[in-house]
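Please walk me through this structure, moving from single residues to the contacts between chains.

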Amino acid sequence: MAQTGAIGDKIFRTILLLAAASILLIVVAIFYMMVQNSLPTLERFGIGFLTGSEWRPAQEEFGALPFIYGTLVSSLIALVLAVPISLGIAIFLVEQAPIKIARPIAFMVELLAAIPSVVYGLWGIFVLAPFIRNHLGVFLQDYLGWLPFFQGRLTGIGMLTAGIILALMITPIITAVVRDVLEAVPTTQREAALALGATKWETTTIVLGNAASGIAGAVVLGLGRAIGETMAVTMVIGNSPQISASLFEPANTIASLLAANFAEATDRIYLSALIEIGLVLFLVTFVVNALAKLLIMSVGGNSSSSKHV
Amino acid sequence: MESKISISNLDFFYGKAQALFDITLEIPERQIVAFIGPSGCGKSTFLRTLNRMNDTIPIASVTGTVMIDGEDIYKAGTDVVALRRKVGMVFQKSNPFPKSIFDNVAYGIRINGIHTSKADLAARVQKALADAALWDEVKDRLTTSAFGLSGGQQQRLCIARALAVQPEVILMDEPASALDPIATQKIEELVVELKREYTIVIVTHNMQQAARVSDKTAFFMLGKLIEYNPTQKMFTNPDEKLTEDYITGRFG
Amino acid sequence: MANTEQSVHRKRRIVNSLMTILTAACAVFATSILLFIISYIAIQGFSSLSFQFLTDTPKPVGEGGGIGNAIVGSAMMTALAVVLGLPVGIAAGVYLAEYGKNWFGNIVRFVADTLIGIPSIIIGIFIYTLVVMPMGRQSGLAGGLALAIIMLPIVARTTEEMIRLVPNSMREGALALGAPQWRVSWNIVLPAAASGIATGAMLAIARITGETAPLLFTALNSRFYNFFYDQPMSSLTVQIYNYATGPFEVEHAMAWAATLILVGLILVINIFVRFLTRKKF
């Protein structure tokens with residue numbers, strides 16, 4: 001005899017299953033459609049697409065290297081600036097500050113993540129770029145001008161500006177994940193260190209040791225966001241496909257190339273080239289995010305990144 | 001007998017709720033004092049007032065005095081870090097750091113800068129492990145993770161870690177409650193052994209344990225100190241009716 | 001020996017104080033940046049905000065202009081995304097929480113989290129190949145679909161988390177009364193988690209309202225009021241982008257004013273949600 005409600009259960013469960021499966025379907029479909037639509041350049045240029053350094057759509061010449069370079073360098077600048085600050089904030093919030101102070105500050109840092117990318121871009125164009133042109137850049141050239149990174153013309157628009165904007169944007173994400181993993185470290189670890197006469201900071205280093213792989217996950221997650229960040233970067237990086245040691249020079253990233261040019265790409269081969277470089281971005285961010293999730297899960301931190309969007 | 005710690009009129013509050021009431025107690029040097037009582041009676045809370053571990057709870061507050069070697073540890077300007085070096089602690093659940101066995105024991109020595117050389121550090125680690133009756137079991141794998149040890153070994157490692165910074169007092173918060181009988185016996189033997197050099201305060205829910213290891217026993221109930229007497233007397237001829245009821249298992 | 005120990009002790013205290021100050025400085029820095037950005041937007045934005053600006057369509061430079069059609073477009077595409085993305089996302093979340101403790105659930109969870117981290121411009125390309133190319137033109141439909149895909153995994157994961165907070169005793173109580181599993185999920189668990197799911201949905205809406213990249217070549221833009229999903233559609237974010245990157249001062253002023261509206265809306269949602277959850281938990 002069938003159980004009461006068995007049919008209802010089956011229908012209900014099937015509907016839910018389809019909804020859950022749609023998430024998988026979307027990711028598979030993204031991959032399939034992008035491969036399909038980049039076949040013309042995939043077949044014509046092969047691996048040379050990734051290593052070529054000239055990008056001249058009019059001559060049907062497509063080398064993605066300047067964009068890969070720009071994406072990596074701008075993301076690295078962002079990490080170098082954002083990781084120490086994020087760690088500092090997270091340590092302050094979890095280990096140092098009394099809860100009455102920690103709560104509002106944590107909320108304000110979360111709000112930094114709620115500001116849309118295009119708004120960071122607007123702010124970057126009209127506030128940060130002039131600041132770099134008139135103050136920070138001048139300072140760096142005066143004191144560190146002998147380094148190749150800080151030579152060249154100062155316009156305020158370029159790699160450094162993009163990196164700083166990215167750093168601001170990924171700081172709340174890294175901070176949120178590090179907070180989670182620090183909070184997941186058992187109190188007994190802190191007590192053990194304190195009971196040995198460790199200072200608060202020494203206790204914190206023990207906590208950090210416990211959370212190491214989760215912190216690595218947070219950094220990788222931040223890297224993933226920086227790689228894929230689009231609007232703010234495209235508005236301040238100068239959109240010039242060149243590889244230059246100077247951080248003051250304009251550059252370009254994969255995401256900003258797509259934002260600035262996709263709508264105008266009319267002929268088939270140009271479109272294919274753009275979709276192929278988008279495919280590269282898709283695969284890289286997919287792998288980076290998966291890695292971040294594995295690292296964060298390994299310390300039992302809250303692995304859901306839905307809290308950190 | 002010289003008093004190592006003297007507590008007088010100690011009250012303890014979690015926010016507005018009072019958890020300890022007017023406790024006055026002398027803990028003699030180089031003896032073992034056991035705290036017993038039903039769970040929730042405040043014995044662990046009391047233990048943690050002796051090295052100001054309760055400072056980590058934001059809403060906790062204390063009145064009264066706790067003198068260690070004649071110094072009030074709640075006096076303004078007390079160096080809590082130095083205090084905790086002098087008053088070591090072993091916790092209910094073993095809590096080794098995610099480091100090697102050696103580095104766990106060396107941790108306190110290093111941060112306090114106690115050692116004079118690398119060789120001295122190694123010697124101190126060895127002595128602490130030997131004092132904790134663990135050296136023979138781990139001497140061949142000092143560089144492996146502390147998590148590879150059994151539960152009883154981990155607890156003895158934590159004791160070694162506490163000994164390594166040369167405390168004068170060791171607080172033990174139910175150190176054997178998570179261990180099997182054989183590991184428990186080893187810890188008990190160790191505690192008795194340690195009495196020669198250290199003043200030991202041990203919280204236990206196990207009355208036989210208190211009877212076996214301690215010189216004096218304090219019985220707590222509902223945040224009050226009911227009776228404090230030599231262990232021998234406590235378990236044979238207690239002054240208080242409540243104590244007798246508890247020890248003979250007549251309530252709860 | 002006592003001497004070296006004392007000096008070690010002093011050094012440790014100094015390091016400790018130094019690190020406390022440093023970490024506090026990081027927190028102060030981040031919050032100052034937020035306050036600076038928000039107050040800058042407020043100052044710049046208010047100076048060119050007017051009722052006409054909120055209702056007008058973009059006009060040639062020098063003739064004024066506004067963001068009326070952009071507000072309508074953003075609202076229409078967000079509404080479409082909510083209609084499509086919210087029910088599917090909630091259903092997926094219920095699946096993960098109630099039936100998802102198996103390999104399939106683990107994969108969906110993992111892929112959903114990874115999808116959340118994928119750049120939104122990739123979603124734009126996907127919708128371009130899937131919808132725009134076959135239709136032969138950009139449209140509000142394509143824009144709304146892209147936003148729905150961005151919303152879906154976020155809603156699914158927050159729903160799952162909220163449902164997990166529902167105590168098991170509630171499920172058991174209903175099951176003990178002889179309710180079939182689906183009734184328990186539908187009538188007991190989902191209503192119990194409803195307010196949590198609603199706040200999660202509001203945050204997801206705030207997030208997609210601020211999205212620009214996936215709309216650039218799916219919805220494109222429009223200079224006119226458009227109420228039809230099969231036509232290119234304007235949005236606040238794309239309009240801000242166009243005004244910001246334009247050459248004229250008046251355009252920049254309009255970009256700030258539009259930003260004030262957008263950021264104001266997003267901050268209000270975030271603060272409101274914060275207020276709600278604070279009272280509850």
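Beyond its neighbours within four places in sequence, A:Glu95 is in contact with A:Ala90, A:Leu182, A:Arg190, A:Lys200, A:Thr204 and A:Val207. The model is a predicted one. A:Glu95 sits in helix α4 (residues 65-96) of chain A. Its relative accessible area is 11%, so A:Glu95 is buried, because buried means under 20%. One of its contacts is polar: the side chains of A:Glu95 and A:Arg190 meet at 2.8 Å.

Salt bridges come next. Over all chains, the whole structure holds 33 of them. One joins B:Arg48 to A:Glu191, with the closest N and O atoms 2.5 Å apart. This pair crosses between chains, from helix α1 (residues 43-49) of chain B to helix α8 (residues 187-195) of chain A. Both B:Arg48 and A:Glu191 are buried.

Other salt bridges stay within chain B. B:Asp69 pairs with B:Lys4, and their closest N and O atoms are 3.1 Å apart. B:Asp69 lies in the loop between β4 (60-68) and β5 (71-72), while B:Lys4 lies in strand β1 (residues 3-14), so the pair ties together parts of chain B that are 65 residues apart in sequence. Are the two partners buried or partly exposed? B:Asp69 is partly exposed, at 39% relative accessible area. B:Lys4 is buried, at 4% relative accessibility. B:Lys233 and B:Asp239 form a salt bridge too, at 2.9 Å from N to O. B:Lys233 counts as partly exposed, with 27% relative accessibility.

Now turn to chain C. Here 6 residues of chain C are in contact with 10 residues of chain B. Interface size is often given as the accessible area lost when the parts come together. Between chain C and chain B, about 640 Å² is buried, and carbon and sulfur atoms give 46% of that area. The two chains share 1 salt bridge. C:Arg13 makes a salt bridge with B:Asp79, the closest N and O atoms being 3.2 Å apart. There are also 4 residue pairs in polar contact between chain C and chain B, both residues at pLDDT 80 or more. Elsewhere, a network of salt bridges links A:Lys293 with C:Arg109, C:Asp113, C:Arg157, C:Glu160 and C:Arg164.

A:Phe139, A:Tyr143, A:Leu144 and A:Trp146 make a nonpolar surface patch of about 510 Å². A:Trp146 belongs to the loop between α6 (117-144) and α7 (159-184) of chain A. At 63% relative accessibility, A:Trp146 counts as exposed.

Methods
Residues numbered from 1 in each chain as written. Chains lettered and ligands numbered in written order. Predicted model: local features only at pLDDT ≥ 70, side-chain atom pairs only at ≥ 80, totals over all residues. Heavy atoms only, no water. Patch = residues over 30% accessible without salt bridge, like charges linked within 9 Å, V, L, I, M, F, W, Y side chains within 5 Å. Areas by Shrake-Rupley, 256 points an atom, 1.4 Å probe, with all protein chains shown as cover. Salt bridge = Lys/Arg side-chain N within 4 Å of Asp/Glu carboxyl O. Helix = DSSP H or I, 4+ residues; strand = E, 2+ residues; numbered from the N terminus. Buried < 20%, exposed > 50% of the residue type's maximum accessible area, 1.4 Å probe, protein only. Contact = heavy atoms within 4.5 Å. Buried area = accessible area lost by both parts, 1.4 Å probe. Polar contact = N/O pair within 3.5 Å; in protein donor to acceptor, adjacent residues only side chain to side chain.
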